[in-house]
Amino acid sequence: MNRQPWEFYVATEESLLQKIQTIHPHCAFLTDAGTGIIVCIDTEKEYAGMGIIDVSLASQNLMLEAYALGYGTCYCGISEEQSVALQQLLSMPKTIKPSGLIVLGKPLNATEHTPHERFNPNAVHLNKW
Ligand SMILES: Cc1cc2nc3c(=O)[nH]c(=O)nc-3n(C[C@H](O)[C@H](O)[C@H](O)COP(=O)(O)O)c2cc1C
């Protein structure tokens with residue numbers, strides 16, 4: 001089906017980033033990072049309420065590509081309340097629903113970064129639970 005029910009609002013202006021940070025206090029590093037990508041569901045395009053799945057997968061892909069290009073990202077969830085506040089702040093149409101905020105920036109010490117090993121074999125169930 002591939003409806004691609006997403007829109008990305010990219011904020012780089014410092015005054016705007018500060019306002020977004022006020023709505024979302026758990027991303028206090030946003031202004032320092034310099035870019036906030038608000039990932040939104042286009043509720044007119046999504047299929048059967050599954051837009052959150054589409055935009056979450058798109059977010060992961062975006063973050064992997066950003067990493068490959070030498071950037072750092074942090075995914076920040078958005079509550080219902082924050083979603084409404086961001087929609088108003090950014091003058092979005094009512095059909096566009098902010099669902100996540102990807103903070104994007106240049107890592108200070110990219111060469112020292114090593115990915116965490118978090119594979120948990122106990123969470124994998126091969127042919128039986
Ligand atoms: C649904 C969801 C919401 C999140 N919200 C926030 C957030 O608001 N602020 C934040 O700093 N990290 C948030 N995180 C955590 C970061 O995305 C990231 O997973 C965490 O910092 C661990 O990073 P690491 O894997 O590099 O250690 C959230 C993660 C998820 C899955």
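Helix 1 and helix 4 (residues 80-89) pack against each other at an angle of about 155°, and their axes lie 10 Å apart. That pairing is a handy way into this structure, which is a predicted model.

- An angle over 145 degrees counts as roughly antiparallel, so helix 1 and helix 4 are roughly antiparallel to each other.
- The crossing of helix 1 past helix 4 is right-handed.
- On the helix 1 side, the residues that take part are Lys19, Ile20 and Ile23, and they meet Gln82, Ala85, Leu86 and Leu89 of helix 4.
- Sorted by class, this contact is made of five nonpolar residues, one polar residue and one charged residue.

**The largest nonpolar core**

- The largest nonpolar core holds 18 residues, and the members that touch the most others are Ile38, Val39, Cys40 and Leu101.
- At least two residues of this core come from each of strand 1 (6-11), helix 1 (14-23), strand 2 (35-42) and strand 4 (96-105).
- Strand 2 gives the largest share, with five residues.

**Overall layout**

- Reading from the N terminus, the elements of the protein chain come in the order β-α-α-β-α-β-α-β.
- The C-alpha trace of the protein chain spans about 50 × 40 × 25 Å along its principal axes.
- The protein chain has 129 residues, and 23% of them are buried.
- Taking contacts between residues at least 6 apart in sequence, 70% join residues that are at least 24 apart.

- Gln4 is not a glycine, yet its phi is positive, near 50°.
- You will find Gln4 in the segment before strand 1, and Gln4 is exposed because 12 other C-beta atoms lie within 10 Å, where 12 or fewer is the cut-off for exposed.
- Ser91, also not a glycine, has a positive phi of about 55°.
- Ser91 sits in the loop between helix 4 and strand 4, and with 7 other C-beta atoms within 10 Å, Ser91 is exposed.

- Val84 belongs to helix 4 and counts as partly exposed because 15 C-beta neighbours lie inside 10 Å.
- Val84 and Pro98 are 14 residues apart in sequence, and their C-alpha atoms are 7.8 Å apart in space.
- Tyr67 is part of helix 3 (residues 51-68), and with 15 C-beta neighbours inside 10 Å, Tyr67 counts as partly exposed.
- Between Tyr67 and Leu16 there is a separation of 51 residues in sequence and of 24 Å in space, C-alpha to C-alpha.

Notes: Residues are numbered from 1 along each chain as its sequence is written. This is a predicted model: local features need pLDDT of at least 70, side-chain atom pairs count only at pLDDT 80 or more; totals for chains, interfaces and linings use all residues. A nonpolar core is a set of buried Ala, Val, Leu, Ile, Met, Phe, Trp, Tyr and Cys residues joined through C-beta atoms within 7 Å. A residue is buried if 20 or more other C-beta atoms lie within 10 Å of its own, exposed if 12 or fewer, and partly exposed in between; C-beta atoms are placed from the backbone. Helices (H or I, at least four residues) and strands (E, at least two) are DSSP runs, numbered from the N terminus. Axes are lines fitted to C-alpha atoms, for helices over the stretch in contact, and angles run from 0 to 180 degrees between N-to-C directions. Angles under 35 degrees count as roughly parallel, over 145 as roughly antiparallel, 65 to 115 as roughly perpendicular and the rest as oblique. A crossing is left-handed if the near helix is turned anticlockwise from the far one by less than a right angle, and right-handed if clockwise. Two residues are in contact if their C-beta atoms, placed from the backbone, lie within 7 Å. Ala, Val, Leu, Ile, Met, Phe, Trp, Tyr, Cys and Pro count as nonpolar, Asp, Glu, Lys and Arg as charged, and the others, Gly among them, as polar.
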